[in-house]
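Take a look at the model below. The text then walks through it, from the overall build to single residues.

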Amino acid sequence: MALEHQSFVHSGFRCLHVHGVGIGRAQGSFGELLQGALPGVDNNFLVTLPIQRHSWAVFEVDPRSRELTVSPIEKWKSLRMVRQVLAHFDSNFGGKLVIDSTLPEGKGMSSSSADLVATAFAVANALNQCLPTHVVLKFLRSIEPTDGVMYPGSVVFFHRKVQLGWRLAGLPDLHIIAVDEGGQIDTIAYNIKHKSIGDDETAIYSDLLQRTIRAFELRDLDELGLIATRSAVMNQRRNPKRLLDEVLRIARSCRALGVVATHSGPCLGILFRNDGSDTTSARCEAAAALKSLGSEVTHLQTMHYPRELAAWRRPPRN
(Lines give C-alpha, C1' and ligand atoms only; values in the text may rest on other atoms or scores of the structure.)
Protein backbone atom coordinates (compact mmCIF):
# COMPACT_ATOMS: atom_id res chain seq x y z
CA MET A 1 0.00 0.00 0.00
CA ALA A 2 1.49 3.30 -1.06
CA LEU A 3 0.47 5.19 2.05
CA GLU A 4 3.61 7.18 2.72
CA HIS A 5 2.92 9.76 0.00
CA GLN A 6 2.84 13.31 1.38
CA SER A 7 -0.07 15.31 0.07
CA PHE A 8 0.82 18.53 -1.72
CA VAL A 9 -2.17 20.20 -0.08
CA HIS A 10 -0.62 19.86 3.36
CA SER A 11 2.22 22.20 2.42
CA GLY A 12 0.99 24.26 -0.50
CA PHE A 13 -2.73 24.86 -0.11
CA ARG A 14 -3.67 24.29 3.49
CA CYS A 15 -3.30 27.95 4.39
CA LEU A 16 -4.44 29.33 1.05
CA HIS A 17 -7.08 32.05 1.26
CA VAL A 18 -7.90 33.15 -2.27
CA HIS A 19 -11.27 34.35 -3.53
CA GLY A 20 -12.86 31.67 -5.69
CA VAL A 21 -10.63 28.87 -4.41
CA GLY A 22 -11.97 26.36 -1.92
CA ILE A 23 -10.39 23.51 0.02
CA GLY A 24 -12.03 20.41 1.45
CA ARG A 25 -10.68 17.53 3.49
CA ALA A 26 -12.12 14.17 4.55
CA GLN A 27 -10.63 11.36 6.60
CA GLY A 28 -10.40 7.74 5.59
CA SER A 29 -11.42 4.65 7.54
CA PHE A 30 -9.43 1.45 7.86
CA GLY A 31 -12.26 -0.79 6.83
CA GLU A 32 -14.74 -1.19 9.63
CA LEU A 33 -14.78 -2.26 13.24
CA LEU A 34 -17.97 -4.11 12.36
CA GLN A 35 -19.90 -4.57 9.13
CA GLY A 36 -23.08 -6.54 8.68
CA ALA A 37 -26.84 -6.12 8.43
CA LEU A 38 -29.87 -5.77 10.67
CA PRO A 39 -33.22 -7.42 9.93
CA GLY A 40 -35.22 -5.61 7.28
CA VAL A 41 -34.64 -4.26 3.79
CA ASP A 42 -31.30 -2.62 2.95
CA ASN A 43 -30.27 -2.45 6.59
CA ASN A 44 -26.62 -3.13 5.82
CA PHE A 45 -24.50 -1.15 8.25
CA LEU A 46 -20.89 -0.50 9.19
CA VAL A 47 -19.01 1.00 12.12
CA THR A 48 -16.26 3.33 10.94
CA LEU A 49 -12.64 3.20 12.08
CA PRO A 50 -11.29 6.69 11.22
CA ILE A 51 -7.57 6.89 10.47
CA GLN A 52 -5.07 9.70 10.05
CA ARG A 53 -5.10 9.52 6.26
CA HIS A 54 -7.09 11.95 4.16
CA SER A 55 -8.29 13.08 0.78
CA TRP A 56 -7.83 16.76 0.00
CA ALA A 57 -9.73 18.61 -2.72
CA VAL A 58 -9.01 22.06 -4.15
CA PHE A 59 -11.62 23.68 -6.39
CA GLU A 60 -10.93 26.87 -8.30
CA VAL A 61 -13.90 28.67 -9.82
CA ASP A 62 -13.59 29.94 -13.38
CA PRO A 63 -16.34 32.55 -13.91
CA ARG A 64 -15.32 32.98 -17.56
CA SER A 65 -16.11 29.39 -18.51
CA ARG A 66 -18.63 26.62 -17.91
CA GLU A 67 -16.11 23.86 -18.44
CA LEU A 68 -15.34 21.61 -15.49
CA THR A 69 -12.16 19.56 -15.25
CA VAL A 70 -10.73 17.19 -12.67
CA SER A 71 -7.22 16.00 -11.93
CA PRO A 72 -6.47 13.13 -11.82
CA ILE A 73 -8.79 12.57 -14.76
CA GLU A 74 -10.06 9.22 -13.44
CA LYS A 75 -11.80 10.97 -10.52
CA TRP A 76 -14.99 11.25 -12.59
CA LYS A 77 -17.27 10.53 -9.62
CA SER A 78 -15.91 13.63 -7.90
CA LEU A 79 -16.76 15.65 -11.00
CA ARG A 80 -20.37 14.48 -10.59
CA MET A 81 -20.25 15.84 -7.06
CA VAL A 82 -18.97 19.20 -8.33
CA ARG A 83 -21.92 19.48 -10.71
CA GLN A 84 -24.43 18.69 -7.97
CA VAL A 85 -23.00 21.23 -5.54
CA LEU A 86 -22.87 23.95 -8.19
CA ALA A 87 -26.48 23.23 -9.18
CA HIS A 88 -27.54 23.32 -5.51
CA PHE A 89 -26.24 26.88 -5.26
CA ASP A 90 -27.61 27.87 -8.70
CA SER A 91 -24.10 28.43 -10.00
CA ASN A 92 -23.19 27.88 -13.64
CA PHE A 93 -19.49 28.59 -13.24
CA GLY A 94 -16.82 26.35 -14.63
CA GLY A 95 -13.76 25.42 -12.70
CA LYS A 96 -10.92 23.04 -11.96
CA LEU A 97 -10.93 20.36 -9.29
CA VAL A 98 -7.66 18.87 -8.04
CA ILE A 99 -7.68 15.90 -5.67
CA ASP A 100 -4.75 14.59 -3.69
CA SER A 101 -5.00 11.71 -1.28
CA THR A 102 -2.96 9.57 1.07
CA LEU A 103 -5.63 6.85 0.84
CA PRO A 104 -4.98 3.99 -1.61
CA GLU A 105 -7.79 3.22 -4.04
CA GLY A 106 -9.74 -0.03 -4.03
CA LYS A 107 -8.43 -1.12 -0.61
CA GLY A 108 -11.56 -0.61 1.49
CA MET A 109 -10.22 2.52 3.19
CA SER A 110 -12.98 4.89 2.05
CA SER A 111 -10.85 6.59 -0.59
CA SER A 112 -13.78 7.21 -2.92
CA SER A 113 -16.06 8.45 -0.13
CA ALA A 114 -13.32 10.73 1.19
CA ASP A 115 -12.74 12.14 -2.32
CA LEU A 116 -16.44 12.91 -2.72
CA VAL A 117 -16.89 14.49 0.70
CA ALA A 118 -13.73 16.59 0.35
CA THR A 119 -14.92 17.70 -3.09
CA ALA A 120 -18.34 18.76 -1.83
CA PHE A 121 -16.86 20.98 0.87
CA ALA A 122 -14.17 22.37 -1.46
CA VAL A 123 -16.77 23.55 -3.98
CA ALA A 124 -18.99 25.05 -1.26
CA ASN A 125 -15.93 26.76 0.24
CA ALA A 126 -14.97 28.21 -3.15
CA LEU A 127 -18.48 29.68 -3.45
CA ASN A 128 -18.28 30.97 0.15
CA GLN A 129 -21.30 28.86 1.03
CA CYS A 130 -22.17 26.48 3.87
CA LEU A 131 -23.14 22.95 2.85
CA PRO A 132 -25.11 21.02 5.50
CA THR A 133 -24.23 17.37 6.02
CA HIS A 134 -27.72 16.16 5.10
CA VAL A 135 -27.32 17.78 1.68
CA VAL A 136 -23.95 16.08 1.17
CA LEU A 137 -25.62 12.76 2.03
CA LYS A 138 -28.30 13.40 -0.58
CA PHE A 139 -25.65 13.98 -3.25
CA LEU A 140 -23.68 10.91 -2.20
CA ARG A 141 -26.82 8.78 -2.36
CA SER A 142 -27.12 9.46 -6.08
CA ILE A 143 -23.50 8.49 -6.80
CA GLU A 144 -22.59 5.33 -4.85
CA PRO A 145 -22.91 3.47 -1.55
CA THR A 146 -20.76 5.30 0.94
CA ASP A 147 -19.78 5.36 4.59
CA GLY A 148 -19.65 7.83 7.46
CA VAL A 149 -16.38 9.67 6.79
CA MET A 150 -18.21 13.00 6.90
CA TYR A 151 -18.64 12.55 10.65
CA PRO A 152 -15.82 12.91 13.20
CA GLY A 153 -15.21 9.88 15.37
CA SER A 154 -16.79 6.47 14.90
CA VAL A 155 -20.38 6.16 13.72
CA VAL A 156 -22.84 3.44 12.82
CA PHE A 157 -23.71 4.12 9.21
CA PHE A 158 -26.18 2.48 6.81
CA HIS A 159 -23.95 2.60 3.76
CA ARG A 160 -26.45 1.51 1.11
CA LYS A 161 -29.10 3.94 2.31
CA VAL A 162 -26.36 6.56 2.89
CA GLN A 163 -27.90 7.31 6.25
CA LEU A 164 -26.49 7.90 9.72
CA GLY A 165 -27.49 5.33 12.30
CA TRP A 166 -25.84 6.33 15.59
CA ARG A 167 -22.99 8.55 16.64
CA LEU A 168 -20.49 6.79 18.86
CA ALA A 169 -17.72 8.17 21.01
CA GLY A 170 -14.54 9.21 19.30
CA LEU A 171 -11.77 6.63 19.24
CA PRO A 172 -8.76 6.54 21.52
CA ASP A 173 -5.29 6.50 20.02
CA LEU A 174 -4.99 3.06 18.42
CA HIS A 175 -2.12 1.66 16.38
CA ILE A 176 -2.93 -0.50 13.36
CA ILE A 177 -0.35 -2.72 11.70
CA ALA A 178 -1.81 -3.43 8.29
CA VAL A 179 -1.13 -5.89 5.48
CA ASP A 180 -2.40 -5.71 1.93
CA GLU A 181 -3.13 -8.97 0.11
CA GLY A 182 -3.06 -7.15 -3.22
CA GLY A 183 -5.57 -6.18 -5.87
CA GLN A 184 -8.36 -3.62 -5.83
CA ILE A 185 -12.09 -3.93 -5.22
CA ASP A 186 -14.63 -1.52 -6.68
CA THR A 187 -17.21 -0.36 -4.11
CA ILE A 188 -20.16 -0.29 -6.50
CA ALA A 189 -19.40 -3.73 -7.96
CA TYR A 190 -18.88 -5.20 -4.50
CA ASN A 191 -22.25 -3.96 -3.22
CA ILE A 192 -24.06 -5.26 -6.30
CA LYS A 193 -22.47 -8.68 -5.89
CA HIS A 194 -23.18 -8.94 -2.15
CA LYS A 195 -26.79 -7.84 -1.92
CA SER A 196 -28.14 -9.75 1.07
CA ILE A 197 -27.10 -11.21 4.39
CA GLY A 198 -29.16 -14.14 5.63
CA ASP A 199 -31.50 -14.08 8.63
CA ASP A 200 -29.17 -16.38 10.54
CA GLU A 201 -26.43 -13.76 10.31
CA THR A 202 -28.57 -10.65 10.91
CA ALA A 203 -29.40 -11.94 14.38
CA ILE A 204 -25.68 -12.29 15.12
CA TYR A 205 -24.89 -8.87 13.67
CA SER A 206 -27.69 -7.29 15.72
CA ASP A 207 -26.10 -8.65 18.87
CA LEU A 208 -22.62 -7.55 17.78
CA LEU A 209 -23.90 -4.04 17.08
CA GLN A 210 -25.50 -3.79 20.52
CA ARG A 211 -22.24 -4.98 22.05
CA THR A 212 -20.33 -2.37 20.01
CA ILE A 213 -22.52 0.49 21.18
CA ARG A 214 -22.16 -0.72 24.77
CA ALA A 215 -18.38 -1.09 24.41
CA PHE A 216 -18.11 2.54 23.33
CA GLU A 217 -20.26 3.59 26.28
CA LEU A 218 -18.06 1.63 28.69
CA ARG A 219 -14.78 2.56 26.93
CA ASP A 220 -14.07 -1.18 26.62
CA LEU A 221 -11.24 -1.62 24.11
CA ASP A 222 -10.89 -5.34 24.76
CA GLU A 223 -14.52 -5.85 23.79
CA LEU A 224 -14.09 -3.75 20.63
CA GLY A 225 -11.11 -5.89 19.66
CA LEU A 226 -13.18 -9.06 20.07
CA ILE A 227 -16.02 -7.61 18.00
CA ALA A 228 -13.70 -6.46 15.19
CA THR A 229 -12.13 -9.92 15.09
CA ARG A 230 -15.51 -11.65 14.93
CA SER A 231 -16.60 -9.37 12.11
CA ALA A 232 -13.42 -10.11 10.14
CA VAL A 233 -13.99 -13.85 10.54
CA MET A 234 -17.66 -13.65 9.51
CA ASN A 235 -16.71 -11.61 6.46
CA GLN A 236 -14.83 -14.62 5.07
CA ARG A 237 -18.18 -15.74 3.61
CA ARG A 238 -18.21 -12.70 1.35
CA ASN A 239 -14.66 -11.48 0.84
CA PRO A 240 -12.24 -14.15 2.08
CA LYS A 241 -8.72 -13.12 3.08
CA ARG A 242 -6.12 -15.83 2.50
CA LEU A 243 -3.92 -14.49 5.32
CA LEU A 244 -6.62 -14.23 7.98
CA ASP A 245 -5.70 -17.37 9.93
CA GLU A 246 -2.04 -16.33 10.08
CA VAL A 247 -2.90 -12.76 11.06
CA LEU A 248 -5.19 -14.07 13.81
CA ARG A 249 -2.39 -16.27 15.12
CA ILE A 250 0.07 -13.36 15.13
CA ALA A 251 -2.43 -11.10 16.91
CA ARG A 252 -2.98 -13.67 19.65
CA SER A 253 0.73 -14.31 20.13
CA CYS A 254 1.44 -10.58 20.37
CA ARG A 255 -1.43 -9.92 22.82
CA ALA A 256 -3.09 -7.47 20.47
CA LEU A 257 -6.62 -6.17 20.93
CA GLY A 258 -7.76 -8.02 17.83
CA VAL A 259 -7.88 -8.06 14.04
CA VAL A 260 -9.77 -5.61 11.84
CA ALA A 261 -10.66 -6.10 8.17
CA THR A 262 -11.38 -3.85 5.24
CA HIS A 263 -14.54 -5.81 4.55
CA SER A 264 -14.84 -4.65 0.94
CA GLY A 265 -11.08 -4.52 0.37
CA PRO A 266 -8.00 -6.77 0.48
CA CYS A 267 -6.47 -5.55 3.77
CA LEU A 268 -6.20 -6.79 7.33
CA GLY A 269 -4.90 -4.96 10.39
CA ILE A 270 -3.81 -5.86 13.90
CA LEU A 271 -5.10 -3.47 16.57
CA PHE A 272 -2.93 -2.31 19.45
CA ARG A 273 -3.48 0.15 22.26
CA ASN A 274 -1.45 3.33 21.99
CA ASP A 275 -2.48 4.92 25.28
CA GLY A 276 0.82 5.16 27.10
CA SER A 277 1.06 1.48 27.95
CA ASP A 278 4.21 -0.04 26.48
CA THR A 279 3.20 -2.11 23.45
CA THR A 280 6.30 -1.23 21.43
CA SER A 281 7.93 -4.64 21.61
CA ALA A 282 4.67 -6.42 20.83
CA ARG A 283 4.07 -4.16 17.82
CA CYS A 284 7.59 -4.77 16.53
CA GLU A 285 7.07 -8.50 16.93
CA ALA A 286 3.78 -8.34 15.05
CA ALA A 287 5.24 -6.25 12.22
CA ALA A 288 8.15 -8.67 11.79
CA ALA A 289 5.80 -11.65 11.74
CA LEU A 290 3.55 -10.00 9.15
CA LYS A 291 6.53 -9.15 6.95
CA SER A 292 7.55 -12.81 7.05
CA LEU A 293 4.28 -13.60 5.25
CA GLY A 294 5.63 -11.75 2.22
CA SER A 295 3.19 -8.83 2.39
CA GLU A 296 3.90 -5.13 2.63
CA VAL A 297 3.32 -3.81 6.13
CA THR A 298 2.02 -0.32 6.96
CA HIS A 299 1.63 1.41 10.34
CA LEU A 300 -1.48 3.56 10.81
CA GLN A 301 -3.00 5.60 13.61
CA THR A 302 -6.65 6.21 14.36
CA MET A 303 -8.12 9.70 14.27
CA HIS A 304 -8.52 10.87 17.84
CA TYR A 305 -9.16 14.15 19.62
CA PRO A 306 -7.97 15.42 23.05
CA ARG A 307 -11.50 15.53 24.47
CA GLU A 308 -12.17 11.95 23.42
CA LEU A 309 -8.81 10.72 24.69
CA ALA A 310 -9.60 12.14 28.11
CA ALA A 311 -12.96 10.35 28.09
CA TRP A 312 -11.38 6.99 27.27
CA ARG A 313 -8.89 7.41 30.11
CA ARG A 314 -11.58 8.00 32.73
CA PRO A 315 -12.96 5.00 34.63
CA PRO A 316 -15.81 3.37 32.66
CA ARG A 317 -19.40 4.08 33.55
CA ASN A 318 -21.29 1.25 35.25
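How many helices and strands does the protein have? There are 10 helices and 10 strands. Helices (H or I, at least four residues) and strands (E, at least two) are DSSP runs, numbered from the N terminus. This is a predicted model, in which local features need pLDDT of at least 70, side-chain atom pairs count only at pLDDT 80 or more, and totals for chains, interfaces and linings use all residues. Residues are numbered from 1 along each chain as its sequence is written, and side-chain values use heavy atoms, with hydrogens and water left out.

Start with the whole protein. Of its 318 residues, 58% are buried. Buried means under 20% relative accessible area, exposed over 50%, and partly exposed in between (1.4 Å probe, protein chains only). Contacts are heavy atoms within 4.5 Å. Among contacts with a separation of 6 or more, 75% join residues 24 or more positions apart.

Now go inside. Nonpolar side chains tend to be buried together in soluble globular proteins. A nonpolar core is a set of buried Ala, Val, Leu, Ile, Met, Phe, Trp, Tyr and Cys residues joined through side-chain atoms within 4.5 Å. The largest one here has 73 residues. F30, F45, F59, L131, L140, I176 and L271 have the most contacts inside it. Helix α3 (residues 111–126) gives this core its largest share, nine residues.

Leaving aside neighbours within four places in sequence, its contacts include G20, L68, V82, K96 and A122.

Next, find helix α9 (residues 280–291). Its 12 residues, at 1.5 Å a residue, should span 16 Å. The expected span is 1.5 Å times one less than the number of residues. The end C-alpha atoms of α9 are 17 Å apart, which agrees. Which residues of α9 are buried? They are A282, R283, A286, A287 and L290. These cover an arc of only 135° around the axis, so they sit on the same side of α9. The arc is that of the directions from the helix axis to the C-beta atoms. S281 and K291, on the other side, are exposed. The cover over the buried residues of α9 includes β7 (174–180), α8 (244–253), β9 (267–273) and β10 (297–301).

End at D173, in the loop between β6 (163–167) and β7. D173 counts as buried because its relative accessibility is 15%. Its side chain makes a polar contact of 2.9 Å with the side chain of Q301. A polar contact is a pair of N or O atoms within 3.5 Å; within protein, one must be able to donate a hydrogen and the other to accept it, and residues adjacent in sequence count only if both atoms are side-chain atoms.
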